[in-house]
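Dear colleague,

Please find below the structure that I am handing over to you. My findings follow it, and I would be grateful if you read them with the coordinates open.

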Amino acid sequence: MTGRIERRFAELKQKGRAALVTFVTAGDPDYETSLKIIKGLPKAGADIIEFGMPFTDPMADGPAIQAAGLRALHAGQTMKKNLKLVREFRAGDKETPVVLMGYYNPIYVYGVDRFLRDAKSAGVDGLIVVDLPPEEDDELCLPAITADINFIRLATPTTDDQRAPTVFRNTSGFVYYVSVLGITGTKAPDLKSVEKNVNRLRKHTNLPIAVGFGVKTAAQARAIARSADGVVVGSALVSAIKDSLTKAGKPSSKTVKAVHSLVSDIARGVRS
Amino acid sequence: MTTAQVNSYRTGPDEKGLFGIYGGRFVAETLMPLILELEQAYKDAKADPSFQAELDSFLEHYVGRPSPLYYAERLTEHLGGAKIYFKRDELNHTGAHKINNVMGQILLARRMGKKRIIAETGAGQHGVATATACARFGLECIVYMGSVDIERQKPNVFRMKLLGAEVVPALSGSRTLKDALNEALRDWVANVEDTFYCIGTVAGPHPYPEMVRDFQSVIGIETKRQMLAREGRLPDTLVAAIGGGSNAMGLFHPFLDDKDVEIIGVEAAGLGLRTRKHAASITGGRPGILHGNRTYLLMDDDGQITEGHSISAGLDYPGIGPEHSWLHDMKRVQYVAATDKEALAAFQLCCRLEGIIPALEPSHALAHVMKIAPTKPKDHLMVMNMCGRGDKDIFTVADILGVKL
Ligand SMILES: Cc1ncc(COP(=O)(O)O)c(C=O)c1O
């Protein structure tokens, strides 16, 4: 059975363009605003939606996404609400793939089987769990595959030709190439090395390769879209949320619009 | 959770880095090749007699080992029960057990050709030990420390700077030890080429819990030899304080298969286990995944990590080494807790009776000794790990006692 992610990449390939994958943290700055942001993303130009599941100790994230997670948690976000957000989004959009991204502990505590069942029924298509490398596939990756949810792996500049087969084993949906050595939202990707690495990884996988970590502008997105099948934008959107907040940290009338107009802008980059 | 009998408690971890269900390698993909490289390098070093010989030489001439096993006569008389010994790791160079592990890891880093060392620290003792070894070998040293801890452990911050280390405040989350660990991991992900991460306790992804345990086991190995020489037999009870669990594991591990030796780890109960203001991961937490391993953690019902609290910055960690979690489930080691107040009373008693100013961390172990020693017969041999000296804590203690320095 082909899933939404596979269908979406196939569709875009026909159109001859890369996918724009947008990341925002679920429940940032609060549940209602987050829902409005997410509902408007496809229209603004997002092809695939990633929700970050907030965690207190996001060891692979930079200050922007760390802060977004804490904003969401302070506003009362929980795992149940992460899934509810997906369900509410899915009620109005049957086709846009939704990927949940985060860390293992909140899933483990929720219960792996229960999580997979609830995620599937909410309309989740894929999972990216940062602290589950292939060495820990028994934990969630293999059960996810059984539950018909894509387990999307991160490949990094340290994924050399020797390591690549291990990383791509049991991966489905797409491959997320982390374009920089480091955490989210800090360094800018070196476009030449991105292209070189994407082409190198293609020797190991037929899956679409999306590139992220550090993509902030339409120009960067356009350049990456030339060699990759998808461009992921995260910290820039999350920072746009932060910059739109009132002094008291509450959403303002500009919050939803700020995210959507940045997504539209970057989408033009990806599509040009 | 199994409590089935095992032939030996000393064979873990398995090749996946697991002690029962605990441990493992829960890290970002960027770090995976580095962790595999470290595992191999450590295996090779362990098999190389010249590595152990070099380490032994530094432990003797630089750290000052073996540390004495001291009969605490006046404390024994005062408590009126068990015969109490202190394993005096507070006499080590830099004032705590932390240097045992650091010497091992830094010699390994040198073997691996790494020039840049990063570390996390809570009380500052591991940071000071790392800065010390880096100065000794001319290595660049960056220490991450929660900004809250920087405030309460000023003397150690200055010490690290004198030794040439850069101290970087961790400003995220609760701004204590767990956040310093997060920051160190973030640094490592960004600097994979030249950087060695020197973890300060028996936590983190495999192979750290095993490696740090091995380097700290010198404590228990010496204790065994010294006790046999002094008393002609093994001790009856071992007691040690637990933050991440390295000084405790170092004392315990060589005794795990000596069935008659009772072993007790003391966690920090802070303001009390019922207040949530504590750092007792086993007594007050449950299994989860943080900092590369599965272990007992302090967290809320939604899997969000909660802040630990303890009067002692070195115990203020919401997790515990995975091997301890396993030993708890197997019921081989008993885990208990002591409050801030009890630790403070033990701290003062030790100063007055033994002329030893203990660190606040082993003061927790001492607090438990004060509870159980009176219930034991006079020929009961009890060893407490005096894993650090209290010079770093006098400001905290003065503050609590209302004394202006
Ligand atoms: C003197 C002392 N004891 C104990 C600890 C706690 O660590 P561990 O449980 O790994 O021994 C620390 C940590 O800073 C310390 O400085």
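A residue counts as buried when its relative accessible area is under 20%, and as exposed when that area is over 50%. Please note that this is a predicted model. With a relative accessibility of 3%, Thr25(A) is therefore buried. Thr25(A) belongs to strand E1 of chain A. Leaving aside residues up to four places away in sequence, Thr25(A) touches Ser34(A), Gly52(A), Pro54(A), Ile65(A), Ala68(A), Gly69(A), Ala72(A) and Val238(A).

The sheet of chain A is open and has 9 strands, in the order E5-E4-E3-E2-E1-E9-E8-E7-E6, with parallel pairing. Its edges are strand E5 (150-151) and strand E6 (153-155) of chain A, each of which pairs on one side only. Strand E7 (residues 175-178) and strand E8 (residues 209-212) of chain A run parallel and are joined by 4 bridges; Val178(A) has Gly212(A) in E8(A) as its bridge partner.

Two helices that pack on this sheet deserve mention. Helix H2 (residues 31-44) of chain A touches strand E1 (19-25) and strand E2 (48-52) of chain A, and its direction makes about 180° with that of E1(A). Helix H9 (residues 191-202) of chain A touches E6, E7 and E8 of chain A, and the direction of H9(A) makes about 150° with that of E8(A).

In chain A, helix H11 (residues 235-244) and helix H12 (residues 255-271) pack at about 150°, with their axes 8 Å apart. H11(A) and H12(A) are therefore roughly antiparallel, and their crossing is right-handed. H11(A) contributes Ala236(A), Leu237(A), Ala240(A), Ile241(A) and Ser244(A), which meet Thr255(A), Ala258(A), Val259(A), Leu262(A) and Val263(A) of H12(A). The residues of this contact comprise 8 nonpolar, 2 polar and no charged.

Some backbone features also call for your attention. Most peptide bonds are trans, and most residues other than glycine have a negative phi. The bond from Asp28(A) to Pro29(A) is cis, with omega near 0°; Pro29(A) lies in the loop between E1 and H2 of chain A. Arg65(B) and Pro66(B) are also joined by a cis peptide bond, with omega about 0°, and Pro66(B) lies in the loop between helix H2 (49-63) and strand E3 (69-71) of chain B.

Thr94(B) has a positive phi, near 75°, and is buried at 16% relative accessible area. Lys331(B) has a positive phi of about 60°, but is exposed at 65%.

Yours sincerely

Terms used:
Residues numbered from 1 in each chain as written. Chains lettered and ligands numbered in written order. Predicted model: local features only at pLDDT ≥ 70, side-chain atom pairs only at ≥ 80, totals over all residues. Heavy atoms only, no water. Pairing = 2+ DSSP bridges. Contact = heavy atoms within 4.5 Å. Axes fitted to C-alpha atoms, helices over the stretch in contact; angles between N-to-C directions. Parallel < 35°, antiparallel > 145°, perpendicular 65-115°, else oblique. Left-handed = near helix turned anticlockwise from the far one by under 90°. Nonpolar A, V, L, I, M, F, W, Y, C, P; charged D, E, K, R; others polar. Buried < 20%, exposed > 50% of the residue type's maximum accessible area, 1.4 Å probe, protein only.
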